[in-house]
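Subject: Handover of a structure and notes on its salt bridges

Dear colleague,

Please find the structure below, together with its sequence. My notes on its charged side chains follow.

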Amino acid sequence: MTDLATIQFSGVTKTFPGRGGGSHTAVDDVDLLITTKSRLGIVGESGSGKSTMVRMMVGLESPSQGAVEFRGRPLDRMGRAGMKEFRREVQLVAQDTSSSFDPRRTLRDAIRRPALELLELSTAEADEAVDATVASLQLDPSLTDRKPHQVSGGQRQRFSIARALIVSPKIIICDEAVSALDVSVQGSVLNLLKDHCERNEAGLVFVSHGLPATAFISEELVVMYQGDIVERGDT
């Protein structure tokens with residue numbers, strides 16, 4: 001097995017049932033390679049297929065045609081042990097933080113859980129990792145004792161990033177990860193993500209409507225329109 005973690009799309013198409021019958025093609029015959037050595041930006045207007053691509057990258061959706069593979073193995077046939085390895089190496093920072101956190105649990109519980117389950121740390125080790133990761137994102141570790149609704153949207157977004165970074169993934173997938181942040185905070189978080197990727201030799205997929213932020217953090221850019229990749233090249 002190679003040390004280079006890869007996610008590969010080969011001829012991937014995703015269709016959904018259309019309103020009033022028929023079908024809607026959200027992603028159409030896409031080929032794409034994501035590695036630990038790449039920082040890829042994906043931009044496009046609403047409805048262009050970006051979020052469907054993200055869901056297939058992390059195994060939340062299966063392609064209608066083609067294959068999405070991690071280290072050469074189809075995601076939809078990896079089994080429980082294979083998916084645990086995948087989750088250790090690939091982490092998603094979701095766009096909707098209001099629904100991606102359990103409202104009944106504290107933020108510490110949410111961020112600590114991947115460290116306990118995927119890295120198999122002790123509770124004390126996991127808590128130490130939580131405090132260090134949260135502090136690196138310019139958040140007060142004492143805020144982790146609050147529940148998600150007790151912090152601002154911008155703080156909650158940074159906690160979502162902390163939950164992904166705590167396991168030191170090989171590939172980080174960010175779906176509109178800074179859209180809820182003030183411009184000044186956006187810049188610091190983008191720098192932190194960029195530094196993390198360079199320091200840990202991690203790959204990054206940065207999905208956004210915003211071209212300036214995407215161009216800043218990415219080395220390669222893909223433009224999507226109506227499910228197709230219509231342009232790609234170096235940033």
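In which helix do D109 and R112 both lie, and how many residues apart are they? Both belong to helix α4, where they are three residues apart, about one turn of the helix. Please bear in mind that this is a predicted model.

The side chains of D109 and R112 form a salt bridge, with 2.6 Å between the closest N and O atoms. R112 is buried because its relative accessible area, 16%, is under 20%. D109, at 25% relative accessibility, counts as partly exposed.

R108 is buried, at a relative accessible area of 12%.

A further salt bridge brings together the side chains of E219 and R39, at 3.7 Å from N to O. Here, too, distant parts of the chain are linked: E219 sits in the loop between α8 (211-217) and β9 (220-225), R39 sits in strand β3 (residues 39-43), and the two are 180 residues apart. R39 is buried, with a relative accessible area of 10%, whereas E219 is partly exposed, at 42%.

In total, the count comes to 16 salt bridges.

Yours sincerely,
A colleague

Terms used. Residues are numbered from 1 along each chain as its sequence is written. This is a predicted model: local features need pLDDT of at least 70, side-chain atom pairs count only at pLDDT 80 or more; totals for chains, interfaces and linings use all residues. Side-chain values use heavy atoms; hydrogens and water are left out. A salt bridge is a side-chain nitrogen of Lys or Arg within 4 Å of a carboxyl oxygen of Asp or Glu. Helices (H or I, at least four residues) and strands (E, at least two) are DSSP runs, numbered from the N terminus. Buried means under 20% relative accessible area, exposed over 50%, partly exposed in between (1.4 Å probe, protein chains only).
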